[in-house]
Amino acid sequence: MTTASPPGGNTIARRAEPGPYSGTGLVPRHRHRFLVLLAALALLLAMSVLSLMVGARAIAPSTVWDALFHFDVSVDEHAMVRELRLPRTVIGLLVGAALGLCGALIQAFTRNPLADPGVLGVNAGAAFAVTFAVAVLGLTDPAAFVWFALAGAFGVTVLVYTLGSLGADRATPVKLTLAGVALTAVFSGLTSALTLKSLATLDIMRFWGVGSIGGRRLDILTVAVPLIGVGILVGLLTARSLNALALGDDSARALGVPIGVTRVAVVLSVTLLAGTAVAVAGPIAFVGLMVPHVVRWFTGPDQRWILPLTLVVAPSFLLAADIVGRIVLPNGELRVGLVTALVGAPVLVALVRRRNVSGL
Amino acid sequence: MSTHPTRKREPAVTPAPHPGEPPAPVRDTDAPDLTKRPVPAPGRGEPPAHVDFGRTTWAWRRAGTALRVDRRSVLVCAALATAVLVLGVLTLGTGSISLSPGQVVTALLDPDSDRRARLVVVDWRLPRLLFALICGAALAVSGAIFQSLTKNPLGSPDIIGFSSGSYAGASVVMLLLGSANYLAVGAGSLVGGAAAALLVYLLAYRGGLHPFRLIIVGIAVGAGLSSITSMLLLSVDPQAAMLAATWAAGSLSGLGFTELGPAAVGFVVLTLWSVLVVRPLVQLEMGDDAAVALGVRAHRVRLSATLVGVALTALVTAAVGPIAFVALAAPQIAQRLTRSSTTLRIVPAALTGALILVTADYAAQRLELPVGVVTVCVGGLYLAWLLARQYATRR
């Protein structure tokens, strides 16, 4: 990767940036990005360790180490680390990576810098299916929600893609976005119709509707890891094609990019990633929207850098938000879906004011 | 600014510059009829407020000014208005007490008609219908303004954080202060929405209001405010959460003439204001440079348009809660119906919005759901259908 020559468009974009950025422009570009990637990896490691240490009871790093590698059943803190904080951290890493990559893919794919997993109907489909399970089938066990959320996400994404592919020029980004918005609306309407009809449903859904990575069992991972793994793999493989698609469909076609295959791959990857993430953690807003933006400010528009770096930064952000949520309210906790928004909003505003917004 | 009279123009006018010719007077507002020029150079010196696509138009001319209207728009508007009327009569006649369309019309027009019918139609059902009309139209106009302002077909007041602000404001009143009073909730939503919009404006303002920065800041503030609302929702008992959730879905039930008065006055004032904003705003769609060259004060127009757009949404939100999707869908639908080049056509958009909301309310009363739930479904399905049809038949 480091030997890849930067594309011309990036040079232009960098040159067009005024003021505060010129200092780093002196560094050879790929070295700069490589350093950013290393820093992001270090941050991710730090956040993972912090996530194991911090909580209602702070646990020393040495105890965490022992719990992981010299597990002693009789020590309460070891059990706490292994049974509560380790699953939570692992799920945070997984969900964060999935949401971030998903957002980056959708933004590149739809050429809409504001797109996030909600745009293609994934969240609405998952929410509707879970509400249906609660309101109509009477389920209350969150573990059972996973399958409904996945089924809903897949179903609605297939619908969106079908609707977006109607007509001669198949599934263009604009058509997909509009189809996604239209069907998202329909399904969120159906969801609130079901919710408002029953107090019990509303009571369950208002908690599910705020994303959280706490209190999940590790057996969810046996389902989630393969799905998200495939999603990440497929998503990363599309990076080159997405770079070409950024030039427009015609140019991409001229460059020999299989447009149809790329679109199907991206939609498949997005559905796997977002669907599984929502199924595991509930809808967590903002990670998929914000992280790719922040990453793009460091990397420029090359998807071969944006996608991997997002994959590293997004889980750090999610874990950081989760840790903040645990610290802010010592007894009880702020759910991570709330914190991502509360922490992310000022950061995004600060970034957007500080620098020119990166278009796509 | 740009209050020049619209004149009859040659078809297929292009505002292309003519090199070598002397610069024509750019805006000769008091000049006589242009058609009497010896050699009418196509489009020379005229502000390209309208690009003529060669569509059939009707014009009324009187004393040097002419009102030129697109025939298709007029027909579409007439059809929409008829549909609204028919549906209105239908809505007024149905419910727990059914009346025939004839009885409804008699009750509406004849003060001395059957007192029972008049009570049902005029006192009970009419305010709700009028609210649906006003709110639908207001939302649609607001959406049209925002879609033009942001040059984004998905642009809506939501993006400047208004909806989430008013929801946050209303839920503070309902959940934290524990008041379900109509006026208190309306005030809370108004204050919350205005505060959010102001916050977004201030945060996004940096030597000008770049639309893209506005959208990003709007999303950020909106996300922050929504999470505050969610936090409040999680902290209360299910009953109170249901109250807030129902308000958040947008409901027209329980509205009478007392609430209608202020809303109607506000609607009329704001509609007149938005009519003033239309022409410069459409010119801004060509890009700031072109618009400024035509004498549009870009910043001032944008501020004015933002204000009126927010105020229209505020009017609706304070009255009936946030009703989703009408602002987004109505201008788009109207644009497709009239085949217009811009979404900012106030009359077709307003009529479409009114039709959507009246239809939705008709369905909502049958299903015993808040109207907002139905608008989302109806508007969403309609947009999906339009999308499918447009791409299936054309291109």
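Predicted model: local features only at pLDDT ≥ 70, side-chain atom pairs only at ≥ 80, totals over all residues.
I take buried to mean under 20% relative accessible area. With that cut-off I looked up chain A, and buried residues make up 54% of its 360 residues.

**Entry: chain A**

I went through the secondary structure next. Chain A has 15 helices and zero strands. Of the contacts in chain A between residues at least 6 apart, 74% join residues at least 24 apart. For the surface, I noted that chain A exposes about 14400 Å². Carbon and sulfur atoms supply 70% of that area.

**Entry: one serine in chain A**

I found A:S48 in helix α2 of chain A, which covers residues 29-53. Is A:S48 buried or exposed? Its relative accessible area is 14%, so A:S48 counts as buried. I also listed its contacts, leaving aside neighbours within four places in sequence. A:S48 is in contact with A:T89, A:L93 and A:L319.

**Entry: chain B**

I repeated the survey on chain B. I counted 13 helices and two strands there. Chain B has 395 residues, and 52% of them count as buried. I took the contacts in chain B with a separation of 6 or more; residues 24 or more positions apart account for 72% of them. Chain B exposes about 18000 Å², with 66% of it supplied by carbon and sulfur atoms.

**Entry: the interface**

I turned to where the chains meet. I found 49 residues of chain B in contact with 45 residues of chain A. How much area do chain B and chain A bury between them? I read about 3900 Å², with 81% of it on carbon and sulfur atoms. I looked for salt bridges between chain B and chain A, and the count is zero. For polar contacts across this interface, the rule finds three residue pairs, both residues at pLDDT 80 or more.

I then asked which helices of chain B supply at least two residues each to the side that touches chain A. They are α5 (182-204), α6 (211-235), α7 (238-249), α11 (326-338) and α13 (371-393). Of these, α6(B) gives the most, with 15 residues. I sorted the side of chain B that touches chain A by class: 37 residues are nonpolar, six are polar and six are charged.

How values were computed: Residues numbered from 1 in each chain as written. Chains lettered and ligands numbered in written order. Heavy atoms only, no water. Contact = heavy atoms within 4.5 Å. Buried area = accessible area lost by both parts, 1.4 Å probe. Salt bridge = Lys/Arg side-chain N within 4 Å of Asp/Glu carboxyl O. Polar contact = N/O pair within 3.5 Å; in protein donor to acceptor, adjacent residues only side chain to side chain. Helix = DSSP H or I, 4+ residues; strand = E, 2+ residues; numbered from the N terminus. Nonpolar A, V, L, I, M, F, W, Y, C, P; charged D, E, K, R; others polar. Buried < 20%, exposed > 50% of the residue type's maximum accessible area, 1.4 Å probe, protein only. Areas by Shrake-Rupley, 256 points an atom, 1.4 Å probe, with all protein chains shown as cover.
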